[in-house]
Amino acid sequence: MNHLYYPGCSLKSTGRAYEESLLAVCATLGVGLTELQDWNCCGATSYMAIDEVKAFALAARNLALAEEQGKVGPGTPTVDLVAPCAACYLVLAKAQHCLEENKEVGGKITAALAAAQLQYTGRVVMRHPLDLFTNALGLDAIKAQVTKPLTGLKVACYYGCQIVRPYATFDDQYHPMTMDHLVTALGGTPVDWPLKTRCCGGSLTGTVQEVGLRMSYHLLKEARKRGADVLLTACPLCQFNLECYQDPMKALFPDHEPLPVLYFTQLMGLALGLERARLGLQRLFVPFRQPVGV
Amino acid sequence: MSETMQSAEPRVGVYVCHCGINIAAKVDIAAVVEFAKTLPYVIVVRDYKFMCSDPGQELLQQDIKELGLNRIVVASCSPLMHEATFRHATEAAGLNQFYFQMANIREHVSWVTADKALATRKSQALVSAAVRRVVLNEPLEHQKVPVKPNVLVVGGGIAGIHAALTLANAGKQVTLVEREPTIGGHMAKFDKTFPTLDCAACILTPKMSMVRSHPNITMLTYAEVVGVEGYVGNFTVKVKKKARYVHEELCVGCNECVEACVYKEGRFTDTFNEGLSKRKPVYMPFPQATPSVVLIDPESCIELKTGKCKKQCATACTRNAIDFTMTDEIVALEVGAIIIATGFQTFDATRIPQYGYGKFPNVYTSLEVERLVNASGPTGGEVQLRDGSTPKRVGIIHCVGSRDEKTNRHCSRVCCMYSLKLAHLIHERTDAEVYNLYIDMRTPGKGYEEFYDKLLKEGVNFIRGRAAEVTDWTVTPEEEGKLVIRAEDTLIGVVRRIPVDMVVLSVGLEAHADADEVRRLFNISCSKEGWFLERHPKLAPVSTFTDGIFIAGACQGPKDIPDTVAQAGAAVAEALALVDRGFVELEPNTAFITKELCSGCHTCIAMCPFSAIRYNKEAGVAEINPALCKGCGTCVAACPSGAAQQHLFTDEQIFQEIEGVLNYV
């Protein structure tokens, strides 16, 4: 299985551990990821709020590159573009919808692409790694490669707001379950918790910190209350907010107790028996020490 | 006189209608008139503001008499609207009504064409087609067929009960078929009815009892219609009576068998109580069930499943009513008209997982709460949580499965009012703090707004906003152990968290899951949501596109009890109008076979959707029963030898019509 891979800025910076663990897990599972050459910003962050056309044009350039490098076009099969960052995944998908449905903005984007000798013909399928693992590869194939099952590990699966909303292409909008099923396949126990898609605070943690911290705090508190040993995320911003701010969180909410926050790919790697260093686990601020596979 | 007139050379009159400004604003009437004058056989052309009015009709009648016209064309609206009007006018002036032809320049032209010049040209083309066609029209007569006097009512809810009783009181023999083991429908489950809060049982059970005892009504419960053949006035219906394993005529409903059953306690879901209690394999659906006869559920009865039971029930029955050898039975009925009143199903609340139904025990559907507040329900009318305690705070979420793009877009019409009713009953019986979370309050109806007003004064809380979720995620100490309803209060612009002990989901009304099968069975139409389609939403609200079959109650769309009963009365009036007339006139636009041309190839027989064609072995040709033929033309198009033709739609007439359009274009 070969797919084009769009890392986005986070996976090369704050979310390095996400990229490291994703690539290690994919290599082990025989999933080929080829990084898109000459990719640019997906258009997320403040672009979308200030100038939608620019944001979409940025996203569309990546889609056009994916078609070119995936050697697809009108009349050919489609090419998968894997975007692990939830924000990238959403903006690229949004751009696709915009090109399809909004003639006015779509026309401007097409013109912008043409100015750069590019075109997009709608032959790219956006995939989040959760979708890739559960639907393209299949849980049975993953289960077969588990060498250190997560027996007894209680996991809060946190999907965040962006990968199932507004488009629920591969999971339920209100009660997503793909990560829960994945954890079960790895031998772990997903806990029943109600905040799977509740906002982590997003960029508020950087702007109105008190509000952002409160939102993250509630997520961690409830996960602990439900007995979780670890919280899994599928988004670099969620991971960043939930993990790196636990000290200021403690200052604001004295009853806060630390909880490790991992990328789901990191825990997958452990279950597949990979070394901790290959999974970027040394980068954690709140260390995950619980042994697995014993 | 008409004989000579009709055999003579065609003399056509063309009448162009303005339809107020409906046509005249888009079509150049004068241009159409001038054009029509140039067409062959046209003697006179006139235009008038409203051709369908009395003076309009008189115009053409006068011309028939004075100018000796023998063919009439009216260019106006759709034939569905006024073909019958002009046919009658033609007939009244002494001409066979099938010498009339309509050109639709309203629905097909003025209402759908933006450009005036194009609209005028299209009108001219259609008039040209109509004139060429009418010249070839032949006189036809309606076929009269007697109507059977009996009526079938399908569905024993309040709509079916009201229809059956009214028909029976008018002296008709009525068969009432009900799928469940008892009649009564949803209404039998309610404690009180809005807005008067009169006791549902007090107003319904006497009617149920009258159905059972009425000499003109045959009640078939635990039975389903499995086949419908025939046509208006002459239906043959097959009904399957499911095996009860209890002889209805012997059982007196003493419940001795239920007491004696080897199961000491109920073990199986009691559907009448919405699963809030358990029943035994032999059971009475509810104390006032009609007929008052027990039945045995083959899915849970040990004897019926394994043949190895002590059969204490049978021993206990002093009337020997229990019979394990019983099998399903088919009953055939001959009826002239059918009223379908099959009702609705409630929305499955598990389809909106964020409301936690099925996950949190104290999230209830409104129908479950109807049983809780019912004096003969599982708690004797006590509003209790699953652990038997009394709720102190209750949240009622409106529009669950209604007004929602993801589930059902329609408003279910009854939920606001029944939510108010439940809020009142819960508040009255438990003194609980009650919250209604609504999108809009919809209380149009006699005394409905006043009821809402009363609730506001009673201290029930109203929060305007669709609830986002029901969660057990608690944040504050007072939320601990409770369910929290999260919702945006759109009147004050804040997101609220409302901790409650009990959540009531006001589930919407949906068409039955098998509505499409039922529709096929009766050859009627339904909307894509499954509601049975009336012939016209305003002017024929209880008729269907199949003559002789009428609809009433919530199977046509969500409605409350007063509207349901009113509609049932309307359906009865239509059925009586048909049955009491004693005969029906069938449209003569039926197909016929020219024997000399028919090779007996059977092609048409297989194609006919109405089973109207049979093969005459002796003659070796196909024969069409004009009473069954609906004039769809399928056989005419399919016949390889041109033996099948259709009155009013002969090949030549159709070719001339096409020619009329093409020559002009």
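These legends describe close-up views of a predicted model. Local features need pLDDT of at least 70 and side-chain atom pairs pLDDT 80 or more, while totals for chains, interfaces and linings use all residues. Residues are numbered from 1 along each chain as its sequence is written, with chains lettered from A in the order in which they are written.

**View 1. Helices α3 and α5 of chain A pack together.** Helix α3(A) covers residues 52–69 and helix α5(A) residues 103–115. Their axes, lines fitted to C-alpha atoms over the stretch in contact, lie 9 Å apart at an angle of about 55°.

**View 2. Residues where α3(A) meets α5(A).** Contact means C-beta atoms, placed from the backbone, within 7 Å. From α3(A) come E52(A), V53(A), F56(A), A57(A), A60(A), R61(A) and A64(A). From α5(A) come V105(A), K108(A), I109(A), A112(A) and L113(A). This contact has 9 nonpolar, no polar and 3 charged residues (Ala, Val, Leu, Ile, Met, Phe, Trp, Tyr, Cys and Pro are nonpolar; Asp, Glu, Lys and Arg are charged; the others, Gly among them, are polar).

**View 3. Strand β27 of chain B, residues 502–507.** Of its 6 residues, 6 are buried, so β27(B) is largely enclosed by the rest of the structure. Buried means 20 or more other C-beta atoms within 10 Å of the residue's own. M502(B), V504(B) and S506(B) point one way; V503(B), L505(B) and V507(B) point the other.

**View 4. Partners of β27(B).** Pairing takes at least two DSSP bridges. Strand β20(B) pairs with β27(B) in the parallel sense over 3 bridges. Y364(B) has V504(B) as its bridge partner. Strand β21(B) runs parallel to β27(B), joined by 5 bridges. I397(B) is bridged to L505(B).

Note on methods
Axes are lines fitted to C-alpha atoms, for helices over the stretch in contact, and angles run from 0 to 180 degrees between N-to-C directions. Helices (H or I, at least four residues) and strands (E, at least two) are DSSP runs, numbered from the N terminus. Two residues are in contact if their C-beta atoms, placed from the backbone, lie within 7 Å. A residue is buried if 20 or more other C-beta atoms lie within 10 Å of its own, exposed if 12 or fewer, and partly exposed in between; C-beta atoms are placed from the backbone.
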